[in-house]
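Colleague: Could you take me through this model feature by feature, giving me the general idea before the particular case?

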Amino acid sequence: MKNIYLDNNATTRLDPMVLEAMMPFLTDYYGNPSSIHDFGTPCRGALERARQQVASLLGARHDSEIIFTSCATEATSTAIHSAVALDAKRREIITTAVEHPATLEVCEHLERQGYTIHRLGVSAQGELDMAQYRALLSERVALVTVMWANNETGVLFPVREMAALAHEHGALFHCDAVQAVGKIPIVLSSCEIDMLSCSAHKIHGPKGVGCLYLKRSTRFRPLLRGGHQERGRRAGTENIAGIVGMGSACELADVHLPMMTAAVAPLRDRLQHELSQIIPSVMVMGGEQPRTPNTLNIAFEFIEGEAILLLLNHAGIAASSGSACTSGSLEPSHVMRAMSIPYTAAHGSIRFSLSRYTREKEIDGVIAALPSIVERLRTLSPYWQQGKPQATAGDFAPTYG
Ligand code: PLP
């Protein structure tokens, strides 16, 4: 079977109903929502309806808590910059070592400006070090920013508990929920998270649109200043078609949410089980932790993930790997490094990420194709030839450069 798409944590296909909802706003309804004439009216109405749809998926208390942005990266950047601008005496940020670059790069930028950045470590299973977190919290912390679900492993972090702890020290809490939204239930009205980022293209919506949830009465400084759009919190003429698409994608994600646990998780579990049974020397990353229902990160020891990906691609299967080719050498990702995954395994890690569109026969296709790919690459691997024993996380000291 050709064209098996299992890279939904990277991006998802647009739901046809989302496209249908967007089309009028790419054709007939081209008005500016700020205009008071009749061209603006339908756009203004659509903008507010989309806000309701997003607020409803996130379980927000008020629609006005949703600020539309161009992507989750912008939402996260806005949240972090806002938090540090509010109180000159608070010069520390707590985050984790496994965040998306959308968070890590902003923190690094602030570090160069003199802020202290604490990066929480994780165990070999991807579990956050909560003792370290408690010890780092103080009146000097402006913001805690932690993802709800890790994009590489799907491991879920206890963000609600962490937000409550941050508040005990007067720190704000931001959550990158890009990989959690639409996969697990989220009820922001009943937790203490102050700010949260999400993105439409991870939930079968369009690219180029996201939002920042800002809990009512949370102090805030806008990143983009200019016009009065989004109640002065994010200037710039609204991407109405994109926003309508995001609203529609959120409504559909709400409808399909039960399917993620009832239908998608069993497919993921079957893929994990069968591959672990058929192929020797595999490790499931974060497999013992609570995970998003759609993500499987599995490492095939002693071979290169990029080589597996190329052969999978040749077989019509799209997935992604935990190592990135930088300056000619394959480096395991920062997530694998933070988890101290043995080098021999981190190199051969593959992420399969499913969606509500994934079908059983596609999983069958991977189970049929992958064992021979792994076997073929292992016959070429000098490490495999040396007959190294099966490794488990922690067996080897990590040897990252
Ligand atoms: N955060 C996480 C966890 C992600 O997986 C991604 C996208 O891969 C982003 C942030 C960035 O989202 P966007 O593409 O909307 O900027």
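Modeller: Let us begin with the surface, where accessible areas come from the Shrake-Rupley method with a 1.4 Å probe and, for residues, only the protein chains shown count as cover. The protein chain exposes about 16,700 Å², of which carbon and sulfur atoms supply 54%. Please keep in mind that this is a predicted model, in which local features need pLDDT of at least 70 and side-chain atom pairs count only at pLDDT 80 or more, while totals for chains, interfaces and linings use all residues. Residues are numbered from 1 along each chain as its sequence is written, and side-chain values use heavy atoms, with hydrogens and water left out.

Colleague: What share of the 401 residues of the protein chain counts as buried?

Modeller: A residue is called buried under 20% relative accessible area, exposed over 50%, and partly exposed in between, with a 1.4 Å probe and protein chains only. By that criterion, 58% of the 401 residues are buried.

Colleague: How should I read the overall dimensions of the protein chain?

Modeller: Helices (H or I, at least four residues) and strands (E, at least two) are DSSP runs numbered from the N terminus, and the protein chain has 12 helices and 15 strands. Its radius of gyration is 22 Å, close to the 21 Å that the rule gives for 401 residues, so the chain is as compact as a globular protein of that length. Along the principal axes, the C-alpha trace spans about 70 × 50 × 40 Å.

Colleague: Which residues does Q125 contact, leaving aside its neighbours within four places in sequence?

Modeller: Q125, which lies in the loop between β4 and α5, is in contact with V155, V284, G286, G287, E288, Q289 and M339. G121 is found in that loop, between β4 (116–120) and α5 (130–136), and is partly exposed, with a relative accessible area of 27%. With neighbours within four places again left aside, G121 is in contact with E127, L128, D129 and Q132.

Colleague: How does one check the length of a helix, taking α2 as the case?

Modeller: The expected span is 1.5 Å times one less than the number of residues. For the 18 residues of α2 (residues 41–58) this should come to 26 Å, and the end C-alpha atoms are 26 Å apart, which agrees. Buried residues of α2 include C43, A46, L47 and A50, and what covers its buried residues includes β2 (66–69), β7 (195–199), β8 (210–214) and α7 (240–278). The helix is followed by G59, whose phi is positive, near 65°.

Colleague: How many salt bridges does a search of the whole structure find?

Modeller: A salt bridge is a side-chain nitrogen of Lys or Arg within 4 Å of a carboxyl oxygen of Asp or Glu, and the search finds 15. In one of them, the side chains of R234 and E74 meet at 2.7 Å, N to O. R234 lies in the loop between β8 and α7 and E74 in helix α3 (residues 72–86), so the pair ties together parts that are 160 residues apart in sequence. Both R234 and E74 are buried.

Colleague: Are the partners R119 and E111 buried or partly exposed?

Modeller: R119 forms a salt bridge with E111, the closest N and O atoms being 2.8 Å apart; R119 is partly exposed at 30% relative accessibility, and E111 is partly exposed at 34%. K89 and D87 also form a salt bridge, at 4.0 Å, N to O. There K89 is exposed, with a relative accessible area of 70%, whereas D87 counts as partly exposed at 23%. D87, K89, R90 and E139 are linked in a network of salt bridges.

Terms used
Contact = heavy atoms within 4.5 Å. Rg over C-alpha atoms; globule rule 2.2 N^0.38 Å.
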